Amino acid sequence: MNLGFINSEDPHAVRRAFQTIQGGLGYSSSPIFAGLTITGLTANSLMYSASGGVVTSLGAATNGQIPIGSTGAVPVLATITGTANEIDVTNGAGSITIGLVNPLIVGKGGTGAATLTDHSLLVGSGTDAVTALGAATNGQLPIGSTGADPTLATITGTANEIEITNGAGSITIGLVDPLIVAKGGTGAATLTDHSLLVGSGTDAVTALGAATNGQLPIGSTGADPVLATLTGTANQVNVTNDAGSITLSTPQNIHATADVEFQSLLIDQDTDAIGLNIDSEATTAANYGLQCVTGGGAIAALISCGATANGAFYAGCPNNQSYAGSFVFVRDLAAASTDGSVVYIYQDNAGDDQPALEILQDGTGYALLATGNVRFDGDATITGTTTYEGNIVIPDAGYIGSASDTDAIQIEADGDVVVSQMLAVTGDIQVTGNILLMADRGGLGYSDNNPMIVFDDTNNRVEFVGNIMLADDGTIGVADGEPSILFDNTDGQVEVTGILTVSSNISATGTITASNYTAANLLTACATNAGALDFSAASKTLTVEDDAVVSQDYSSDASPTFAGLDLTNITDGNIPYMSASGFADSPISYNGTAIVSGGNSYSAANPSIILTGTLSGANSGHGFTDEKSLSLDDNTKGYASFDAYAEISGSGDLDHYNSFQARSEYKSTGTIDYFRGLRVVDKVYDGTVTNYIHVDIAPRSKDGGTITNEYGLKIASIAQGDTLNYAIYTGNGYVYFGDNVGIGTAIQSNRSLSLAGDIDVGDCIYIGGTRFMFKEGTNGFAHNAGSDGIRFKNANTEKMRINANGVGVGEGVDPVTQVEVVGTSPYVTLHNSTSEDGDGGRESRIIARGQQNGDEETVLGYLEFAHDGAADDEKGLFRVLLNDGDDGTAPSLTALTCHSTGEVKFHQTVYFASEVDNGDSGAADTIDWTAGNKQKSTLTGNCTFTFSPEPSGPSNLTLKLKQDDTGSRTVTWPGDVKWAGGAAPTLSTGANDVDIISFYYDGTDFYGQAALDFG
């Protein structure tokens, strides 16, 4: 192969030369060079191209060594190192065997065991090798045991409930056969077909047997029921048994329209109920609810009733019949036979207390009602009240009397009634004619006593020997008219509703009241004793002296004449009043200009002036009006529409004194717009008013004496308004207090305002110009505390303080930074109240803002908490966002994201601030792994390393070792360092050689791996 001259400075010529060599030699050719000699190489050594194109020997490789590249450096002859507990590497002459560690430990996904029991279930043991429970026999299951390995055991059934059958690879679970009664079964394996079942306590149910037609289970006390048929009573109930049915019937039809025939019917009524009720709906007289027909024989009675207490028979008679009643007996007197009575009652050998006919009536009706004439041929005794709407007729000159005195009352032929004995009346007597006493001075009295009322014919008068006693609220009046005199038993008064005309004297020890005394109804009285007439409507009393005659009209518009009325003692101008000794001056007088009151001692019933009257239908009214018109052409000292002055002297006690008292009462059922106790409505038109005071309270200074409490204005509790209650209510204008004020508490001398409760204000309250307080919500308040700044308290416990240092949140905290939160749980809560499930929603942020040198304000970054994912759940997400230089107020660079799974994502490069330099090692060096993950040590002697303190948890660690200028320094590692293959690597020995040792720390041990000889 002739390449010719190759100009090394011409890259194209060099490339063509290589292409020629490639074409001639090929990729798979084995060229022979007769004269190619390479010198200076180590025997059995691999070669590599050194700088300048010089082929250099790596050295002779030992068993398993291979050249391993090193970026930017010479390949290194080294062996492949397996990872502890994962890969085993076996180096041989010209061979490398790589396999799994046997056995592979659990921590690497293996079982940790070299052999396992045949057919055995396996149980985990943390990072230790799995445990074999052993081969399970038929039906065995691994059953958990808290805090221990499961146990191979069989399922056990409950006696009389569950049976367990264990087979090879099967478990059969079933109920006990038969299931006993106590467990909800029948206790029987088979039951008679068609049989009814009977319980037997906890024993198996009993079969009664198959029932035949009509059989029912009929109870038997203390024993099982018996299957039997119903038995009917002869001539009463027939029983017919069929398949699945029982028919009960009577010997004859007894339905509503049936004709029923009985030889006899006995109703024995012994309860308070209807014995026989016949509701007849017949519409003609020929059809009867009950008909009794006599036969040819002699029958004593058609209806026989037993002697029961409440009667034995009741029949309803339809209302549409011409004869209404329970029993209707109709006899046609025009018939051929008229002998006998419609109803004939015959009683033989009856005693005095055995009546032939007895009618007892309960209620307000009649025991016996006869609309025609009633005739008694014998004596009739009636113990109740008898009302006759017709006449009672007895024979002329017949008598009405008692059994012992049959002629006590005689009614003569001319109608006169003659009473031969005493007439005793317990009720009222109503007589339309006269009652005449045949003898002069005949009397009316009680029983056999002397007459209490004597009619004196000679003197034409009635004498009452004793009292006139009437029943409670009894009356005396004329027939068919309203009672004129009422004797009221409640208050003992006698009320006369008409005119009482008395021609003689009336003696009265009490009061006679005339309720309708008017001018048209004069009262004329002659009295022999002093008494009084009480006119209750006007609450006035008229005293009548002995032998006085009251015969004039004293109505409000009358002008009576009094012969002895003396008004000579009344002073001119005074208003008289009636005293105990006659008319006298009252304390009220009229001086020609005004009414003047004075000289009268005060009492609740005797004020100086009483204004009374009724205001009805007027637009407005005033109890007291001052309508003076004052002309101020000349200077006037002053004027008061109302001037109260009272001088109280003496030594007695006074409960209270009111210069002015308003005690109105609103009793109307209507609506009133304004109900005022006091109203001041002043108005200024022209002129100048220096001090316009609507209500001026200016008490004069005391002159001796003691005043315990003085009030300029005292207002009682105002709490009756349904909507608002204001003790003091103002419109526009200021409220000025010249001294300390207490609201709900006593006034404190060193407090301008003392409060017992809260103050609600829209903004602030300024006190003294610099101190202030305000309230927010329902709890807490703040006040200026001088150098301590502003303190916020709740229930007297300080919760927040603001001073020159910043804001402190907590009990009594004095902040040292702008914001400081102190407490046993110093939490700060950010609450996003938005309801959403979007990824990144519900976010809350801690935002860092800053200002550039030109006062441009930007957001440097923020910490954000948000929702992780889009599901309706509670998962959280944490992000750190930063301003990358031009984001303004919306940082866009996400540096870190923490997901709800615990994963942490770094969005940019993660690096360490620096490498921890432990300096020269000397003979011993301690590595503090809490100082950093990346550390270095310069070996200046054969060094023994100590790792202390160790990291707080699993970590990836790197230690860079550098030989000093001498080199060949060796290292002794701590006992908890584990190496791949079980042996520590041989470190580089050259001067200034660098080895990188990487460790994985699992919380207990350090697993190391070396990268050697970084030149």
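Predicted model: local features only at pLDDT ≥ 70, side-chain atom pairs only at ≥ 80, totals over all residues.
# Strands, a core and some charged pairs

Q: Which residue in β10 is the bridge partner of Ser145?
A: Ser145 has Ala148 as its bridge partner in β10.

Q: Okay, back to the strands. In what sense do β9 and β10 pair?
A: They pair in the antiparallel sense, with 4 bridges between β9 (residues 141-145) and β10 (residues 148-153). To count as paired, two strands need at least two bridges found by DSSP.

Q: And which residue in that hairpin takes a positive phi?
A: That's Gly147, with a phi near 80 degrees, and the hairpin has 2 residues between its strands.

Q: New topic: how many residues are in the largest nonpolar core?
A: There are 18, and Trp929, Phe945, Phe947, Leu961, Trp973, Phe999 and Phe1006 touch the most other members. A nonpolar core is a set of buried Ala, Val, Leu, Ile, Met, Phe, Trp, Tyr and Cys residues joined through side-chain atoms within 4.5 Å. Buried means under 20% relative accessible area, exposed means over 50%, and partly exposed is in between (1.4 Å probe, protein chains only).

Q: Which strands each supply at least two residues of this core?
A: β55 (943-947), β56 (955-963), β58 (977-979) and β59 (994-1001) do.

Q: What does Phe947 touch?
A: Not counting residues up to four places away in sequence, Phe947 touches Ile927, Trp929, Trp973, Pro974, Val977, Phe999 and Phe1006. Contact here means heavy atoms within 4.5 Å.

Q: Why would nonpolar side chains be buried together?
A: In soluble globular proteins, that's simply what they tend to do.

Q: Is Cys943 buried or exposed?
A: Cys943 is buried, because its relative accessible area is 1%. Cys943 stands opposite Val971 in β57, and 2 bridges join the parallel strands β55 and β57.

Q: In what order do the strands of that open sheet come?
A: The order is β53-β55-β57, 3 strands with parallel pairing. β53 (924-927) and β57 (971-972) stand at the edges with a single partner strand each, so one side of each has no neighbour in the sheet.

Q: How many disulfides does the structure hold?
A: The number is 0, where a disulfide would be a pair of cysteine sulfur atoms within 2.5 Å.

Q: Where is Thr958 found?
A: Thr958 is in strand β56. Its side chain makes a polar contact with the side chain of Lys934, at 3.2 Å. A polar contact is a pair of N or O atoms within 3.5 Å; within protein, one must be able to donate a hydrogen and the other to accept it, and residues adjacent in sequence count only if both atoms are side-chain atoms.

Q: How many salt bridges does the structure hold?
A: There are 11. Each is a side-chain nitrogen of Lys or Arg within 4 Å of a carboxyl oxygen of Asp or Glu.

Q: Which residue forms a salt bridge with Lys183?
A: Glu161 does, with the closest N and O atoms 2.6 Å apart. This pair links distant parts of the chain, 22 residues apart: Lys183 is in the loop between β12 (170-175) and β13 (195-200), and Glu161 in the loop between β10 and β11 (162-167). Lys183 is partly exposed at 39% relative accessibility, and Glu161 is partly exposed at 24%.

Q: How far apart are Lys667 and Glu665 in their salt bridge, N to O?
A: They're 3.3 Å apart. Lys667 is exposed at 68% relative accessible area, and Glu665 is exposed at 61%.

Q: Last one: what links Arg845, Glu864 and Arg879?
A: A network of salt bridges links Arg845, Glu864 and Arg879.

Terms used:
Residues numbered from 1 in each chain as written. Heavy atoms only, no water.
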